[in-house]
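Please look over the sequence and model first.

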Amino acid sequence: MLMKIYTINEICNELKEKLLKGFALVCIGSDLRGDDRAALELCRMLTNLNTFKFKIILCEYGIENCIGEIIENKIKRIILIDAAIANNITPASIIKIDIDEIQEYMPYSTHSLPLPLLLRFLMEEFKNLEIAIIGIVVEKMDIELELSPSIKNLITSLANRITEE
């Protein structure tokens with residue numbers, strides 16, 4: 001599968017469907033890098049609105065900081081959400097990417113270990129691991145504590161639509 005750009009309705013429908021099937025939402029980011037916090041903010045909002053009671057894991061500063069929780073809870077179905085950089089795609093867009101495309105859309109990060117390496121480790125740990133990788137195309141990843149207005153609006157819309165019945 002190659003990268004796909006989603007509409008907000010498409011991604012919300014897919015996320016709802018996967019969450020209802022037992023997928024855990026794993027949100028990666030850094031609160032100190034502007035829009036890199038987008039996935040973390042989404043998960044925080046969903047935690048407060050979580051009517052479905054699906055599993056949410058916050059991975060501040062990289063998935064390596066919550067690998068233990070994923071393994072300990074034997075989570076075999078993951079929706080991984082992280083900031084994505086895509087020069088040819090409008091910020092506040094949502095993309096779904098394949099594990100082999102991660103370096104292209106998530107080329108640098110706050111992760112101390114490369115994301116593809118960690119995901120392949122998890123795939124070895126759990127032979128039938130299912131991973132969906134969602135990228136939120138960001139505007140800025142400078143050192144700051146606020147989201148861009150377009151990213152904040154997107155995150156709020158996503159949280160509300162995912163949790164509406």
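E14 and K96 are both buried (under 20% relative accessible area, with a 1.4 Å probe and protein chains only; exposed is over 50%, partly exposed in between). The two form a salt bridge with their closest N and O atoms 2.6 Å apart, the term meaning a side-chain nitrogen of Lys or Arg within 4 Å of a carboxyl oxygen of Asp or Glu. E14 lies in helix α1 (residues 8-20) and K96 in strand β5 (residues 94-97), so the bridge ties together parts 82 residues apart in sequence.

The model is predicted: local features need pLDDT of at least 70, side-chain atom pairs count only at pLDDT 80 or more, and totals for chains, interfaces and linings use all residues. Residues are numbered from 1 along each chain as its sequence is written, and side-chain values use heavy atoms, leaving out hydrogens and water.

**Other salt bridges**
- The whole structure holds ten salt bridges.
- E60 pairs with R44 in a salt bridge, the closest N and O atoms being 3.4 Å apart.
- This pair links distant parts of the chain, 16 residues apart: E60 is in strand β3 (residues 56-60) and R44 in helix α2 (residues 38-49).
- E60 is partly exposed, at 32% relative accessible area, and R44 is partly exposed at 25%.
- R44 and E60 also belong to a network of salt bridges with D31, R37 and E41.

**Exposed loop residue**
- L145 lies in the loop between β6 (130-137) and α6 (149-163); helices (H or I, at least four residues) and strands (E, at least two) are DSSP runs, numbered from the N terminus.
- L145 is exposed, with a relative accessible area of 54%.
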